[in-house]
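This briefing concerns a single protein chain. Please consult the sequence and the coordinates alongside the text.

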Amino acid sequence: MREMVVLGVRVSVPGNEVVVVLGEPGGTRVLPIVIGPREGAAIASAQAGLVPPRPLTHDLLVSILDHLGVGVKEVRVTQVVHGIFHAELVLSGGQVIDARPSDGIAIALRAHCPVLCDETLLTLAGVPMEEAGLDEADEEAVHGTAQATPEVMEEFRTFLEGVEPEDFATGPQGTRSAGSPDEPDER
């Protein structure tokens with residue numbers, strides 16, 4: 001297993017799909033995973049350090065586990081089956097729970113635990129960094145040199161406060177957005 005850095009959430013062009021991007025620290029690959037818009041917002045808000053006035057689903061789960069004396073030790077992105085990514089939560093007692101990568105990542109950011117990726121999966125589905133279209137800040141995050149300025153964080157918080165799931169809706173009529181009820185949200 002390889003520890004990954006959560007680089008952030010992007011909207012892919014031209015498909016307008018919401019994608020979470022995991023980076024290999026000091027490495028040369030990233031792992032893009034298509035997710036739903038709500039999960040994307042949950043990941044982005046946790047990365048920005050936003051604390052909701054009332055607990056959202058991922059906050060609630062972490063809070064319940066904490067009250068039960070159970071921690072999330074790590075989140076593992078383990079495989080792709082028929083184009084669908086799979087993950088698992090590893091709890092402090094050794095229990096392993098099946099999860100979608102988007103939920104696992106949102107929980108990991110709140111529980112402050114590592115996100116790991118199976119080496120074989122990274123070889124299979126990873127994309128060379130130079131082909132991933134990362135900006136300089138993303139590349140700095142992968143190499144451990146990134147530092148968000150207070151201005152950048154404030155701008156991001158302002159952006160997130162106005163984001164609605166509908167902002168990620170896609171294309172022409174009849175085209176479903178990622179994460180719609182009739183299709184899985186991770187491919």
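The structure is a predicted model. Its chain contains 6 helices and 8 strands, and 37% of the 187 residues count as buried.

**Overall architecture**

- Along the sequence, the elements are arranged as β-β-β-α-α-β-β-β-α-β-α-β-α-α.
- Of the contacts between residues at least 6 apart in sequence, 59% join residues at least 24 apart.
- The chain has an accessible surface of about 10400 Å², and carbon and sulfur atoms account for 54% of that surface.

**Nonpolar cores**

- In soluble globular proteins, nonpolar side chains tend to be buried together.
- The largest nonpolar core has 28 residues, of which Leu 22, Leu 31, Ile 33 and Val 77 touch the most other members.
- Helix H3 supplies the largest share of this core, namely 4 residues.
- A second, separate core comprises 6 residues, including Val 19, Val 21, Val 30 and Val 34.
- Beyond its neighbours within four places in sequence, Val 77 is in contact with Leu 22, Leu 31 and Ile 33, among others.
- The contacts of Val 77 also include Phe 85, His 86 and Ala 87, as well as Pro 101.
- Further along the sequence, Val 115, Leu 116, Cys 117, Asp 118 and Leu 121 are in contact with Val 77.

- Helix H2 spans residues 57-67, and its buried residues are His 58, Asp 59, Val 62 and Leu 65.
- These four residues lie on the same side of H2 because they cover an arc of only 130 degrees around the axis.
- As a general point, an α-helix has 3.6 residues a turn, so residues three or four places apart point the same way.
- Thr 57 and His 67 are exposed and sit on the face of H2 turned away from its buried side.
- The cover over the buried residues of H2 includes two helices, H1 (37-47) and H3 (101-111).
- Strands E4 (72-81) and E5 (84-91) are also among the elements that cover these residues.
- Just after H2, Gly 69 adopts a positive phi of about 80 degrees.

**Glu 130 in its loop**

- Glu 130 is located in the loop between strand E8 (127-128) and helix H5 (136-142).
- Glu 130 counts as exposed because its relative accessibility is 65%, whereas the cut-off for exposed is over 50%.
- Glu 130 and Thr 28 are 102 residues apart along the chain, yet their C-alpha atoms are separated by 8.0 Å.

Terms used:
Residues numbered from 1 in each chain as written. Predicted model: local features only at pLDDT ≥ 70, side-chain atom pairs only at ≥ 80, totals over all residues. Heavy atoms only, no water. Buried < 20%, exposed > 50% of the residue type's maximum accessible area, 1.4 Å probe, protein only. Arc of directions from axis to C-beta. Contact = heavy atoms within 4.5 Å. Core = buried A, V, L, I, M, F, W, Y, C linked by side-chain atoms within 4.5 Å. Areas by Shrake-Rupley, 256 points an atom, 1.4 Å probe, with all protein chains shown as cover.
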